[in-house]
Amino acid sequence: MNNITLTISLVATLVASQTQADEATYQAQILLTELGYDVGGIDGSYGGKTRRRLEEYFSNNGSSFDRRLDQGELDQLLASYLGSSTDLLSRGPTSAGNYT
């Protein structure tokens, strides 16, 4: 493998890795927002506000956050979201049509 091919391969791997990280951050931002944690905008960027909200969420839920978002942490966010959505829907709408 020549240097150019190796460089292109390395760049492609880094881009794919970054895209996956951005997607995970994007998903986390959506879930955090739905759970009531203001991440300052859903853009897939792992900035300070997203990190702080992740730390806050996990602290509030009896866990620690090592500042590295992984699938297990996304699963926890999703489980919380699904639990809160289920709770919300099980209560039903008020007479005004809003969920309590």
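Arg67 and Glu55 are joined by a salt bridge in this predicted model, with 2.9 Å between the closest N and O atoms; the term denotes a side-chain nitrogen of Lys or Arg within 4 Å of a carboxyl oxygen of Asp or Glu. This pair links distant parts of the chain, since Arg67 lies in the loop between α2 and α3 (71–91) and Glu55 in helix α2, 12 residues apart. Helices are DSSP runs of H or I with at least four residues, strands are runs of E with at least two, and both are numbered from the N terminus.

Glu55 also meets the side chain of Arg51 in a salt bridge. Both of these residues belong to helix α2 and stand four residues apart, about one turn of the helix.

| Pair | Closest N to O distance |
|---|---|
| Arg67 and Glu55 | 2.9 Å |

Relative accessible area is classed as buried under 20%, exposed over 50% and partly exposed in between (1.4 Å probe, protein chains only). Glu55 is partly exposed at 25%, and Arg67 is partly exposed at 48%. Asp38, at 47%, counts as partly exposed, as does Lys49 at 31%.

The protein contains three helices and zero strands. Of its 100 residues, 20% count as buried. Among contacts (heavy atoms within 4.5 Å) between residues at least 6 apart in sequence, 25% join residues at least 24 apart. The protein exposes about 6800 Å², of which carbon and sulfur atoms supply 52%; the area was computed by the Shrake-Rupley method with a 1.4 Å probe.

The mean pLDDT, the predictor's confidence in each residue from 0 to 100, is 78, and 63% of residues reach 70 or more. Confidence is lowest in helix α1 (residues 3–34), at a mean of 70, and highest in helix α2 (residues 48–60), at 96. Over residues 96–100 the pLDDT is below 50, and this stretch has 10 contacts beyond near neighbours in sequence.

Residues are numbered from 1 along each chain as its sequence is written, and side-chain values use heavy atoms, leaving out hydrogens and water. In this predicted model, local features need pLDDT of at least 70 and side-chain atom pairs count only at pLDDT 80 or more, whereas totals for chains, interfaces and linings use all residues.
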